Amino acid sequence: SHIVLSGGTTMFPGFSSRLEKDIRRLYLEKVLRGDTSRAAKFRCCVEDPPRRQHMVFLGASILADSYEQQPNSQWWITRQEYDEYGARAVERLISTKLS
């Protein structure tokens with residue numbers, strides 16, 4: 001229901017409004033199966049911060065710095081762990097199951 005855009009390719013004019021319009025249309029088609037009476041209850045907010053062009057880089061640099069501060073933190077997945085469990089290694093980082 002809440003999407004925050006980031007990265008340079010989201011800077012195209014009208015991108016956020018087009019994305020929101022497409023999400024609403026797909027929700028009406030796929031989830032509500034065309035029932036327009038329930039469509040008004042669907043909340044979708046696409047946020048496009050003005051400085052989003054460099055948000056991905058800033059987030060990655062913060063992440064890299066936090067790894068440098070605590071390389072053995074429980075919030076990191078080692079290569080060995082990934083090789084052993086694959087993508088399922090991520091499940092220990094989240095409190096609810098994805099499936």
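The model is predicted, so local features were taken at a pLDDT of at least 70 and side-chain atom pairs at pLDDT 80 or more, while totals for chains, interfaces and linings use all residues. Residues are numbered from 1 along each chain as its sequence is written, and side-chain values use heavy atoms, with hydrogens and water left out.

The mean pLDDT of the chain is 86, and 95% of the residues score at least 70; pLDDT is the predictor's confidence in each residue, from 0 to 100. Helices (H or I, at least four residues) and strands (E, at least two) are DSSP runs, numbered from the N terminus.

Helix 1 contains 17 residues and spans 23 Å from its first C-alpha to its last, close to the expected 24 Å; the expected span is 1.5 Å times one less than the number of residues. Arg33 follows helix 1 and is found in the loop between helix 1 and helix 2. Its phi is positive, near 50°, in a residue other than glycine. Arg33 is exposed, at 70% relative accessibility; buried means under 20% relative accessible area, exposed over 50%, and partly exposed in between (1.4 Å probe, protein chains only).

Two aromatic pairs are present. Rings of Phe, Tyr and Trp (its six-membered ring) pair if their centres lie within 6.5 Å, and planes under 30 degrees apart count as stacked, over 60 as edge-to-face and the rest as tilted. The pair of Tyr27 and Phe42 is stacked, because the ring centres are 3.9 Å apart and the planes lie at 10°. This pair links distant parts of the chain, 15 residues apart: Tyr27 lies in helix 1 (residues 15–31) and Phe42 in the loop between helix 2 (36–39) and strand 2 (45–47). Tyr27 is partly exposed, with a relative accessible area of 27%, whereas Phe42 is buried, at 17%. The rings of Tyr67 and Trp76, with centres 4.9 Å apart and planes at 85°, form an edge-to-face pair. Tyr67 is partly exposed at 41%, and Trp76 is partly exposed at 23%.

Seven salt bridges were found, each defined as a side-chain nitrogen of Lys or Arg within 4 Å of a carboxyl oxygen of Asp or Glu. One of them joins Arg18 to Asp22, with the closest N and O atoms 3.3 Å apart. These two residues are separated by about one helical turn, because they stand four residues apart in helix 1. Another salt bridge joins Asp83 and Arg79 (3.2 Å, N to O), which are likewise four residues apart, in helix 4. Asp83 is exposed at 52% and Arg79 is exposed at 60%. Glu81 also forms a salt bridge with Arg92, the closest N and O atoms being 2.6 Å apart. That pair links distant parts of the chain, 11 residues apart, with Glu81 in helix 4 and Arg92 in the segment after helix 4. Glu81 is buried at 18% relative accessibility, while Arg92 is partly exposed at 40%.

Ser73 lies in the loop between helix 3 and helix 4 and is buried, with a relative accessible area of 17%.
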